[in-house]
Amino acid sequence: MKTGGRRILVVSESLVVASNLLVWLREAGYDPAIVTSFNAGKEHLRMSPDVLFTELKVREYNGLHLALRAHR
């Protein structure tokens, strides 16, 4: 399956969630970037990923804050 080079960013404090998504996305042919903090996610958004997966709670932040930043 060809993925068209889509860049995927996963932001998850949970290593279990991140690991599961990593396996699933790699099996689908993607090469996702996985980070474990809001700040790292914010930095990776500068690379303009095509898709963002984030937990709703990322320490003191809300994952929706990252979604809003990605939308801009």
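This is a short tour of one predicted model, stop by stop.

**Ground rules.** Numbering starts from 1 along each chain as its sequence is written, and side-chain values use heavy atoms, with hydrogens and water left out. Because the model is predicted, local features need pLDDT of at least 70 and side-chain atom pairs count only at pLDDT 80 or more, while totals for chains, interfaces and linings use all residues.

**Whole chain.** Show the C-alpha trace of the protein chain. Along its principal axes it spans about 35 × 30 × 15 Å. The radius of gyration (over C-alpha atoms) is 12 Å; for 72 residues a compact globule would have one near 11 Å, which agrees. That globule rule is 2.2 Å times the number of residues to the power 0.38. The accessible area (Shrake-Rupley, 1.4 Å probe) is about 5000 Å². Carbon and sulfur atoms hold 54% of that area.

**Cartoon.** Colour by secondary structure. There are three helices and five strands. From the N terminus the order is β-α-β-α-β-β-β-α. These are DSSP runs, numbered from the N terminus: helices are H or I with at least four residues, strands E with at least two.

**Sheet.** Select residues 8-11, 33-35 and 51-54, which are strands S1, S2 and S3. They form an open sheet with order S2-S1-S3 and parallel pairing. S2 and S3 are the edge strands, each pairing on one side only. The twist averages 15° from one strand to the next, taken between N-to-C directions of lines fitted to C-alpha atoms, on a scale from 0 to 180 degrees. Strands pair if DSSP finds at least two bridges between them; S1 and S3 have four. Zoom in on leucine 9, which stands opposite leucine 52 in S3.

**Valine 11.** Stay in S1, where valine 11 lies. Is valine 11 buried or exposed? Its relative accessible area is 1%, so valine 11 is buried. Buried means under 20%, exposed over 50%, partly exposed in between (1.4 Å probe, protein chains only). Beyond four places in sequence, valine 11 touches residues including Val35, Phe53, Val58 and Leu66. A contact is heavy atoms within 4.5 Å. Draw a distance to lysine 42: the C-alpha atoms are 9.5 Å apart, across 31 residues of chain.

**Core.** Select Leu9, Val11, Val35, Phe38, Leu45, Val58 and Leu66, the largest nonpolar core. Such a core joins buried Ala, Val, Leu, Ile, Met, Phe, Trp, Tyr and Cys residues through side-chain atoms within 4.5 Å. Finish on leucine 45. Leaving aside neighbours within four places, leucine 45 contacts Leu9, Leu66, Arg69 and Ala70.
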